Amino acid sequence: MKRRTAVALSAATLLLPLTACGGSAEAGSGSTVTVTVGYQSKTINTVTAGTLLRSLGYFEKQLNSLHDGHTYKVDWQDYATGAPITAQMTAGKIDIGSMGDFPLLLNAARGKQLGRPTHLVSVTGYNLRGGLNTVVTAPDSTLTSLKELKDKKVSTSVGSAADGTLVRALQRAGIDPDKGISKLNQQPAVGASALSSGSVDALSQFVAWPGLLAYQGKARALYDGAQLNLPTFHGVTAREDFSQQHPAVLEAFLKAQDQATDYLDSHPVTAAEKVAEATGLPAEVVYLYNGAHGIATFNPALAPRLVSALKKDVTVLKAAKLTGDIDVDSFVDDRYVKKALGASYAKRLTAPPPPAASEAWAEGSDKTLSFKSPKQLLAHLAAHQDGIRAAYVPDATTGTLWFADKAVWVSDGDQLLPFVTPATAQDYVSAHGGARTVSYREALERAS
């Protein structure tokens with residue numbers, strides 16, 4: 001049996017010295033290059049550059065096809081957040097990493113400061129309105145709007161995209177994000193525990209934590225990040241020295257990422273199951289974000305609207321004294337992804353996300369059913385209450401997908417409209433005479 005030249009290292013192998021790391025191998029027949037990839041398995045909007053890509057083996061296959069005299073090995077390193085990936089990159093120990101938009105900026109700043117410049121080379125999952133970040137509170141909390149967080153304890157991960165959402169949302173609500181709340185800087189898992197124990201009043205976090213906690217019945221949404229109507233995304237960053245030494249390797253990675261993106265788009269349910277198996281997250285939660293009409297859209301192109309949003313993020317980080325000025329234009333390097341995607345790149349730059357839709361996932365099915373309206377979905381659910389694995393509906397104002405049984409429902413004449421949060425539902429009711437909120441059970445009965 002022919003031995004593969006590109007293999008993923010086992011856990012035991014990770015403990016051994018690497019033959020060549022960070023692209024340090026010199027050209028020559030028989031030399032070994034170990035490519036170290038930092039990813040966040042549970043930050044599931046990076047899966048096309050991490051969890052899903054790893055499970056599919058596309059990167060290793062692309063490296064095998066180079067036939068340049070090198071033997072390639074891939075060292076996949078899993079982290080909870082972007083900060084340790086940045087630390088390892090600036091130490092020359094990680095070559096390619098993926099993280100959210102705010103951590104990407106910190107990656108850029110830290111790399112330049114330490115003389116280890118990095119570049120944003122592609123995009124993974126994004127939401128053009130900001131729906132990847134959500135503020136949640138306890139299920140039995142009396143809080144119904146963001147304005148009620150004044151003087152309350154809020155957990156978030158400072159410097160993350162979720163923290164950026166919290167800061168901007170508080171500012172819009174007229175609350176000083178520095179003095180108006182008691183902010184606790186915590187890792188997502190710690191913050192989730194703090195919310196469950198009652199030691200904080202709310203939690204602002206990135207995918208997949210809000211959806212996971214809501215699915216588990218441990219939280220309910222208080223603020224939908226899409227209310228900001230500002231893009232948020234995750235991306236791939238690469239060390240400049242590695243990219244220059246091994247441009248073909250980076251191109252191979254981006255080709256593999258594109259393949260993983262095509263797989264996710266073509267097999268959304270199967271992809272969700274693969275990610276769930278690798279992470280321990282419920283597949284129903286993965287699908288909420290990464291499904292056919294999920295909160296995230298996957299497209300590797302470095303679209304101008306996302307780069308523009310990144311520039312606006314710099315002001316938030318500067319105000320928080322987390323960084324100084326950042327030259328976003330010099331940080332973004334689209335040369336490699338343009339080459340990897342070829343003639344399709346120009347079209348990808350302006351490709352719109354899929355339209356919002358209500359979906360039902362039946363038990364035992366590898367496909368979901370889509371419905372033209374939430375009311376039609378409810379009618380289906382009412383007739384098949386025992387055979388449904390999960391059901392999803394888009395918020396009537398922001399389009400953010402949410403679990404049908406966790407949404408806030410409003411009855412307005414013949415319409416049944418879902419909302420992610422009580423505040424957005426109340427805003428609709430206040431603006432439409434005769435509209436009123438109804439329970440999920442009543443919504444099902446009215447649709448049947």
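Visitor: Does aspartate 151 count as buried or exposed?

Guide: Aspartate 151 counts as exposed, because its relative accessibility is 61%; on this scale buried is under 20% relative accessible area, exposed is over 50% and partly exposed lies in between, with a 1.4 Å probe and protein chains only. Before going further, note that this is a predicted model, in which local features need pLDDT of at least 70 and side-chain atom pairs count only at pLDDT 80 or more, while totals for chains, interfaces and linings use all residues. Residues are numbered from 1 along each chain as its sequence is written, and side-chain values use heavy atoms, with hydrogens and water left out.

The chain has a mean pLDDT of 93, with 93% of its residues at 70 or more; pLDDT is the predictor's confidence in each residue, from 0 to 100. Residues 1-21 fall below 50, and that stretch has 39 contacts in the model beyond near neighbours in sequence, a contact being heavy atoms within 4.5 Å. Residues 23-29 are likewise below 50, with 17 contacts beyond near neighbours in sequence. Where pLDDT is low, the predicted coordinates should not be read in detail.

Aspartate 151 itself has phi near 70°, a positive value in a residue other than glycine, and it lies in the loop between β6 and β7. Strands here are DSSP runs of E with at least two residues, and helices are runs of H or I with at least four, numbered from the N terminus.

The peptide bond from valine 207 to alanine 208 is cis, with omega near 10°, and alanine 208 lies in the loop between β9 and α7 (209-215). Asparagine 229, found in the loop between β10 and β11, has a positive phi of about 55° although it is not a glycine, and at 44% relative accessibility it counts as partly exposed.

Strand β11 (residues 232-239) runs antiparallel to β4 over five bridges, and histidine 234 in β11 is the bridge partner of glycine 100. On β4 (residues 96-100), five of the five residues are buried, so this strand is largely enclosed by the rest of the structure. Strand β2 (residues 32-39) pairs with β4 in the parallel sense over two bridges, and there isoleucine 96 is the bridge partner of valine 37.

For contrast with the exposed aspartate 151, consider alanine 404, which counts as buried because its relative accessibility is 0%. Alanine 404 sits in the loop between β16 (401-403) and β17 (408-412), and, leaving out residues up to four places away in sequence, it touches Leu377, Leu381, Ala391, Tyr392, Val393, Trp409 and Tyr440.

Finally, the whole structure holds nine aromatic pairs; rings of Phe, Tyr and Trp (its six-membered ring) pair if their centres lie within 6.5 Å, and planes under 30 degrees apart count as stacked, over 60 as edge-to-face and the rest as tilted. The pair of tryptophan 402 and phenylalanine 403 is tilted, because the ring centres are 6.4 Å apart and the planes meet at 55°. Both residues are members of a cluster in which ring pairs link Tyr215, Tyr287, Trp361, Tyr392, Trp402 and Phe403. Over the face of tryptophan 361 lies arginine 389, at 4.2 Å from the ring centre, the criterion being NZ of Lys or CZ of Arg within 6 Å of the ring centre and within 35 degrees of the ring normal.

Definitions and conventions
Two strands pair if DSSP finds at least two bridges between them.
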